[in-house]
Amino acid sequence: MREVLPAENRRLNATQKEQFLREGFVRLDGAFSQKIAAEARAILWRDTGCSPDDRSTWVHPVVRLGDYAQEPFREAANARVLHDAFDELVGRNRWLPRTTLGTFPIRFPHPDDPGDTGWHVDASFPPESGGASFFEWRINVNSRGRGLLMLFLFSDVGEKDAPTRIRTGSHLAVARALRGKGERGMSAMELAAALDEVSGGMPEALAIGEAGTVYLCHPFLAHAAQPHQGDHPRFMAQPPLYPKTVFDLNRTGSEPSLVERAIQLALG
Ligand SMILES: O=C(O)CCC(=O)C(=O)O
């Protein structure tokens, strides 16, 4: 059974650190308050152009919004328990605080396929040619440009409410796939095409939980959206945590962060 970290317990314990290393993520319940989540939802609902009380206005399976910097978003991003966990996972003084939460793919109960449910790893740096689409952005074995993938739940998310699917342990397989690809690494598209071969069949977990739950994931974790089969729209942000420094896979002793240690573990 996966252990859940209560917000008042500021530090990840040994079991949770081991989970992050082996499974690629840790779940923090109550990382931010339900009040903050409700305030953020009110802002987001307004911008969806839909009404929470009128299902006839829910005309799309997914509506993407972003990048919000209002107080509830900033407060959620900077909860103390998260900052403490960032220190453990990415390293003290090695990450940049967020002022926004990136894009919100808001998922509605809807008969149409949303068309964006493929397995992927979020890319982290642009190609040398620059100005490319997200699919041409790249990922390398040092995770240049990305410290974590984070999933912030702003509504209660049950199994039918389009929880993000996570391939448990896929970060290790992805690290191995990136080995030998050098500084250029792979594009998001190339990696997505290889994902079934390297991580297909791995056990799946679902990013469920109450509003206020945050999943902190290794940047190499394979994940996928899914259609909404429940009753209440799902509000979730999925921002990266940006590193302040470059990850160093040659660190030894107590120096490597958990993100670095997971990559070292994968590469042996
Ligand atoms: O909506 C989700 O559950 C995940 C979306 C996602 O991974 C993405 O848009 O990159």
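Biologist: Which residue just after α7 takes a positive phi?

Modeller: This is a predicted model. Helix α7 covers residues 258–267. Just after α7, a positive phi of about 70 degrees is taken by Gly268.

Biologist: Which residues of helix α7 are buried?

Modeller: A residue counts as buried when its relative accessible area is under 20%. Glu260, for instance, has 0% relative accessibility, so Glu260 counts as buried. In helix α7 (residues 258–267), the buried residues are Leu258, Val259, Glu260, Ala262, Ile263 and Ala266.

Biologist: What do the buried residues of α7 pack against?

Modeller: Packing here rests on contact, that is, heavy atoms within 4.5 Å. The buried residues of α7 have such partners in helices and in a strand: α1 (14–23), α4 (80–89), α5 (170–178) and β6 (148–153).

Biologist: Which side chain meets Arg251 in a salt bridge?

Modeller: Side chains of opposite charge can pair when their charged atoms come close. Arg251 has a relative accessible area of 18%, so Arg251 is buried. The N to O distance in the salt bridge of Arg251 is 3.0 Å, and the partner is Glu260.

Biologist: Which residues do salt bridges that share partners join into one network?

Modeller: By the rule used here, the count comes to 18 salt bridges. Salt bridges that share partners make one network of Arg11, Lys17, Arg80, Asp84 and Glu88.

Biologist: What separates Glu39 and Lys35 in helix α2?

Modeller: Glu39 and Lys35 form a salt bridge, with their closest N and O atoms 3.1 Å apart. An α-helix has 3.6 residues a turn, so residues three or four places apart point the same way. Glu39 and Lys35 are four residues apart in helix α2 (residues 34–48), so the separation is about one helical turn.

Biologist: Does Lys35 count as buried or exposed?

Modeller: Exposed means over 50% relative accessible area. Glu39 has 32% relative accessibility, so Glu39 counts as partly exposed. Lys35 has 59%, so Lys35 counts as exposed.

Biologist: How many Å lie between an oxygen atom of the ligand and an N or O atom in the side chain of Arg107?

Modeller: Arg107 has 3% relative accessibility, so Arg107 counts as buried. The side chain of Arg107 also meets that of Asp116 in a salt bridge (3.0 Å, N to O). From an N or O atom in the side chain of Arg107 to an oxygen atom of the ligand, the distance is 2.8 Å.

Biologist: How many Å from an oxygen atom of the ligand is a polar side-chain atom of Arg234?

Modeller: Arg234 is one of the residues surrounding the ligand, with His120, Asp122 and His223 also among them. A polar side-chain atom of His120 is 2.9 Å from an oxygen atom of the ligand. For Arg234, the distance is 2.7 Å.

Biologist: What part of the area the ligand exposes when taken alone does the protein bury?

Modeller: Taken alone, the ligand exposes 290 Å². Of that area, the protein buries 93%.

Biologist: Which residues make the nonpolar surface patch?

Modeller: Met189 lies in helix α6 (residues 188–199). Met189 has 48% relative accessibility, so Met189 counts as partly exposed. The patch is about 320 Å², and its members are Phe134, Phe135 and Met189.

Biologist: What distance separates the C-alpha atoms of Lys181 and Ile139?

Modeller: Lys181 is placed in the loop between α5 and β8 (186–187). Lys181 has 40% relative accessibility, so Lys181 counts as partly exposed. Lys181 and Ile139 are 42 residues apart along the chain, and their C-alpha atoms are separated by 9.7 Å.

Conventions. Residues are numbered from 1 along each chain as its sequence is written. This is a predicted model: local features need pLDDT of at least 70, side-chain atom pairs count only at pLDDT 80 or more; totals for chains, interfaces and linings use all residues. Side-chain values use heavy atoms; hydrogens and water are left out. Patches are made of residues with over 30% relative accessible area and no salt bridge: like charges are joined within 9 Å, nonpolar side chains (Val, Leu, Ile, Met, Phe, Trp, Tyr) within 5 Å. Accessible areas come from the Shrake-Rupley method with a 1.4 Å probe; for residues, only the protein chains shown count as cover. A salt bridge is a side-chain nitrogen of Lys or Arg within 4 Å of a carboxyl oxygen of Asp or Glu. Helices (H or I, at least four residues) and strands (E, at least two) are DSSP runs, numbered from the N terminus. Buried means under 20% relative accessible area, exposed over 50%, partly exposed in between (1.4 Å probe, protein chains only). A residue is near a molecule or strand if one of its heavy atoms lies within 4 Å of it. A polar contact is a pair of N or O atoms within 3.5 Å; within protein, one must be able to donate a hydrogen and the other to accept it, and residues adjacent in sequence count only if both atoms are side-chain atoms.
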